[in-house]
Amino acid sequence: MPQALQTYVRVVDAFNRRVGRIVMYGVFVMMGILLYSSISKTLFLPASWTLELAQFVMAGYYLLGGAYSLQLDSHVRMDLLYGRWSPKTKAIVDVITIMMLFVYLFFLLWGGVSSTTYALQYSETSYSSWSPYMAPIKIVMVIGIVLTFLQATSIFIKDLAIALGRPLA
């Protein structure tokens, strides 16, 4: 494979690994918010922002962690036949299925950019009593989709190299 593709794979994998390792601690942030919510409801006036903020943190957690999960091959897979196939057959099937993922991510990104543009243009807020601006979480959504797209491209390149009999070093 050309050196440029090898560099792309190395850079994207390293970046998504760093982002994923940082974002994985978001679950503790969410737990802290929910713990505060429980304590505030028990001891004093409940905070109106806790549940929605916990939802935003969780959305950021799984959207930004999606690329890392894809990199680790941690997504759910039906493994009736796949486990018995040779690495080359797996790579060929993965090349085909990842093209379907590209289509899905394209439409997801298209909708995400459209929704983010709307949120920025009209200062969209949530309908809750807290009424936070929606643009920050929508920007995180778009970033997460882009990172997943980049990681899917990296995996595509690696699988294509294996399918062609020239795995990346």
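Are Lys-138 and Glu-124 buried or exposed? Here is a friendly note that works towards that pair.

1. First, some ground rules. This is a predicted model, in which local features need pLDDT of at least 70, side-chain atom pairs count only at pLDDT 80 or more, and totals for chains, interfaces and linings use all residues. Residues are numbered from 1 along each chain as its sequence is written, and side-chain values use heavy atoms, with hydrogens and water left out.

2. Now the pair from the opening. Lys-138 and Glu-124 are both buried (under 20% relative accessible area; exposed is over 50% and partly exposed is in between, with a 1.4 Å probe and protein chains only). Lys-138 makes a salt bridge with Glu-124, and their closest N and O atoms are 2.8 Å apart. The pair links distant parts of the chain, 14 residues apart: Lys-138 is in helix H5, while Glu-124 is in the loop between helix H4 (87–121) and H5. A salt bridge here is a side-chain nitrogen of Lys or Arg within 4 Å of a carboxyl oxygen of Asp or Glu. Helices are DSSP runs of H or I with at least four residues, numbered from the N terminus.

3. By this rule, the count is two salt bridges. The other partners to look at are Asp-13 and Lys-158, whose closest N and O atoms are 2.8 Å apart. Asp-13 is buried, at 11% relative accessible area, whereas Lys-158 is partly exposed, at 25%.

4. Next, look at how H4 and H5 pack. Their axes come within 8 Å and cross at roughly 160° (axes are lines fitted to C-alpha atoms over the stretch in contact, and angles run from 0 to 180 degrees between N-to-C directions). H4 and H5 are therefore roughly antiparallel to each other (angles over 145 degrees; under 35 is roughly parallel, 65 to 115 roughly perpendicular, and the rest oblique).

5. Compare that with H1 (residues 3–23) and H3 (residues 50–71), which pack at about 135° with axes 8 Å apart. That angle makes H1 oblique to H3. Contact means heavy atoms within 4.5 Å, and the residues that meet include Asp-13, Ala-14 and Asn-16 in H1 and Gly-60, Tyr-61 and Leu-64 in H3.

Note on methods:
Helix = DSSP H or I, 4+ residues; strand = E, 2+ residues; numbered from the N terminus.
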